[in-house]
Amino acid sequence: MLAARKVLSVRGADAAKLLQGLCTSDVHAWLGGDAPGLATAFLTNKGRVLADALFWRERDDGVLVDVAAAHAPRLLKHLKMYKLRAMVRLAEEADLGVRAYSAPPEAPGLVAGGADPPA
């Protein structure tokens, strides 16, 4: 697990609408496509970067937000401030963590070229 990362959850009927209005990426287009993740950033009301994050799909109406642990409390507070009457549940997911995996150097060529893996 990467101790420097935290996972926040945004769940509910208005999750996509809330995130669409607060991040720099097109959340609706992402959710309408088939990409599993989306890189984005959250800005303050003055246009300064609050946090960069990765979105991951979760079930029907949820999005998991992978963010630097140092920025997680401030980002959660920011989301709660703009939640207003949106049908959304926000939480820090203490039982979820972020892991990093590394592929062998030949992996991109194998995927792109459709070649068989080396013996």
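Strands here are DSSP runs of E with at least two residues, numbered from the N terminus. In this predicted model, Asp52 lies in strand 3.

**Asp52**

Because its relative accessibility is 46%, between the 20% and 50% cut-offs, Asp52 counts as partly exposed. Leaving aside residues up to four places away in sequence, Asp52 touches Thr40, Ala41, Asp66 and Val67. The C-alpha atoms of Asp52 and Cys23 are 9.2 Å apart, with a sequence separation of 29 residues.

**Nonpolar core**

The largest nonpolar core has 26 residues, and Val10, Phe42, Phe55, Val65 and Leu79 touch the most other members.

Phe42 touches, beyond four places in sequence, Leu19, Leu22, Cys23, Arg48, Val49, Leu50, Ala51, Ala53, Phe55, Val65, Leu75 and Leu79.

**Helix 1 and helix 3**

The axes of these two helices come within 11 Å and cross at roughly 110°. Helix 1 is therefore roughly perpendicular to helix 3, and the crossing is right-handed. At the contact, Leu18, Leu19 and Leu22 of helix 1 meet His78, Leu79, Tyr82 and Lys83 of helix 3. By class, this contact has 5 nonpolar, 1 polar and 1 charged residues.

Note on methods: Residues are numbered from 1 along each chain as its sequence is written. This is a predicted model: local features need pLDDT of at least 70, side-chain atom pairs count only at pLDDT 80 or more; totals for chains, interfaces and linings use all residues. Side-chain values use heavy atoms; hydrogens and water are left out. A nonpolar core is a set of buried Ala, Val, Leu, Ile, Met, Phe, Trp, Tyr and Cys residues joined through side-chain atoms within 4.5 Å. Buried means under 20% relative accessible area, exposed over 50%, partly exposed in between (1.4 Å probe, protein chains only). Contact means heavy atoms within 4.5 Å. Axes are lines fitted to C-alpha atoms, for helices over the stretch in contact, and angles run from 0 to 180 degrees between N-to-C directions. Helices (H or I, at least four residues) and strands (E, at least two) are DSSP runs, numbered from the N terminus. Angles under 35 degrees count as roughly parallel, over 145 as roughly antiparallel, 65 to 115 as roughly perpendicular and the rest as oblique. A crossing is left-handed if the near helix is turned anticlockwise from the far one by less than a right angle, and right-handed if clockwise. Ala, Val, Leu, Ile, Met, Phe, Trp, Tyr, Cys and Pro count as nonpolar, Asp, Glu, Lys and Arg as charged, and the others, Gly among them, as polar.
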